[in-house]
2 protein chains.
Amino acid sequence: MPELRKDPIIGRWVIIATERAKRPDQFGSHSEDSILEKPCPFCEGHESQTPPEIYAMRTKPSPENQPGWDVRVVPSVTPFLKIEGDLDRRGKGLYDLTNGVGAHEIVVETNQHIANMADLGEEHIANVITSYINRILDLEKDVRFKYVLIFKNYGWSAGGGRVRHARSQLIATPVNPKRVKEELVGARQYYEYHERCIFCDLIKQEIEQKERLILDMDGFIVIAPFASRFPFEMWILPKKHSCDFVKLDMPQRAGLARTLKKCLLKLKKGLNDPPYNFILHTAPFRREKAGYWKSVDFDYHWHIEITPRLTRVAGFEWGTGFYICPVPPENAAKFLREVDVG
Amino acid sequence: MPELRKDPIIGRWVIIATERAKRPDQFGSHSEDSILEKPCPFCEGHESQTPPEIYAMRTKPSPENQPGWDVRVVPSVTPFLKIEGDLDRRGKGLYDLTNGVGAHEIVVETNQHIANMADLGEEHIANVITSYINRILDLEKDVRFKYVLIFKNYGWSAGGGRVRHARSQLIATPVNPKRVKEELVGARQYYEYHERCIFCDLIKQEIEQKERLILDMDGFIVIAPFASRFPFEMWILPKKHSCDFVKLDMPQRAGLARTLKKCLLKLKKGLNDPPYNFILHTAPFRREKAGYWKSVDFDYHWHIEITPRLTRVAGFEWGTGFYICPVPPENAAKFLREVDVG
């Protein structure tokens, strides 16, 4: 069973792989050269090469684990966390740990061998968004979990795998990730003083100032954040206040799909198809007795952070949480605004 | 003037390079292939190829910026922060920023063309440590600065530069870095309840449990931390409580040099000379009116974190502060204990 361990000083949780742990000689053997093109286990017709599906969207009725799907969700073959087992949160002297219970799923975004989400159709991306929502709604029923993270690693240096087939990942965790908790705490503090959502205020300011605004369309804005960590970092935020990604209705999903596609196309065209990550930040699960975070409806605001991987991150950043961004967000926004993607 | 900008939600400071900002076409042009071997600007006899020295340790008297030095400190030619100017901390709507005032120096660790600090002599490493201390003591006099970070990027994927000559970097900042502040806050909270230093308790537990202990020598212990973020991560801690790295006396500096060299040799021999970073975490400057952190003497404990770069870090880690470590620290410690470096 993997373990979740908490740093006793700063309270950061870490997943420690205890089974199939890597041996020292297993590091550094893969490189970009080891990209596999075919046979791709995520292409239509190769369903037997992945574990059985957890979920699929089908445009026409077809049996499970057979061709005919549009978006398909399967368990990871190398899961960070295990779906079976109890939490068993416990201490060990001054340390805290818990069993590595959780879910780790792969959202295969298309049945075709297409690498970049930017190249999928808008309606198709809307189906991927609906698949995310349906998986979150399903995992929310499991009382062991506090949070679902949805993220994408595209390209080798962004942590993408050896197969170039568009997919995202989903991880359900029994603890709230540190970064998410910091956002919740920061947003709560702002709300307590101002009685306004900090993200709503930020959106208003960005629309007025314009210099960091990249897109304003279909109910969403895209900005280069004021304190960008990475060059050409982009945040997508819904203009209408909402803490919860799963509340998106169908027209909003279509709007988000159009906005997201446009962002990814701007990266692809403007920056020569760079590696990138994106991650969804939404409110944690709020159940009847979930306590403190039950009431984040007014003070938190879901958003997507897209970070192209153009620079190496070094000791300074790791050791300090202090980033150096070589491109002012205002310049990045101007550049990305001007990339014409039709 | 570069700017320091604060993320309004989580309070993280970011350095934004506003001058000599990179253009989009300037990314990704360098790779490991572009390593320069000769002529090396850091070798003895090439002193004119760097900016004039700020500090040098000389074994025999020789003029400034001439051969005869043992350790030499020069300003960075591409500084993240600028030494001239006022802080001018100010707001911009809901955002906070300040001028990018600070120091960015390069500590050239040897006059010979040697790449890895592991290959320097113990006495020589002690001189590097003394140079760190002397530079911190000098920068502490500048009331604009709150913190000095000392770190090393060794090897390409750890952010090392194009020249393979052993050196470390020093950055003085007018704000406390987020990660350091989190440690200070966490250690303070523990102290307030227990009236003991959390690091001292942790050292005691690690010595008793032994399973994560790598070295116990010369007044220092080296452990694989319980919640390691990276495989084969190592922390060096002084066994005797001290919040302040600059308080090391000469015998302690010699002990630290022996311990550090042993750690770096174990990495080099055991893991095939991997890229690595190390970073010194010491107390912030505590001046008469420095307020809250003035009294960290009892609750904080300086240490060095060494992190080999064996894995790529992906979207999940960036977006969450939630790391996945594929090697249990107990296995890493056992492996590193057994690497024989004499």
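Two strands are said to pair if DSSP finds at least two bridges between them, and helices (H or I, at least four residues) and strands (E, at least two) are DSSP runs, numbered from the N terminus. This is a predicted model, in which local features need pLDDT of at least 70 and side-chain atom pairs count only at pLDDT 80 or more, while totals for chains, interfaces and linings use all residues. Residues are numbered from 1 along each chain as its sequence is written, and chains are lettered from A in the order in which they are written.

**Between the chains**
- Strand β2 (residues 13–16) of chain A runs parallel to strand β15 (residues 323–325) of chain B, and three bridges join them.
- Within β15(B), C325(B) is the bridge partner of I16(A).
- In total, 75 residues of chain A are in contact with 74 residues of chain B, where contact requires C-beta atoms, placed from the backbone, to lie within 7 Å.
- Helix α2 (residues 178–194) of chain A supplies seven residues, the largest share of the side of chain A that touches chain B.

**A helix pair in chain A**
- Residues E122(A), I125(A), A126(A), I129(A) and T130(A) of α1(A) meet a set in α4(A) that includes R253(A), L256(A) and L260(A).

**Around P41(B)**
- P41(B) lies in the loop between β2 (13–16) and β3 (55–58) of chain B.
- Leaving aside its neighbours within four places in sequence, P41(B) is in contact with H46(B), Q49(B), T50(B) and V163(B).

How values were computed:
Contact = placed C-beta atoms within 7 Å.
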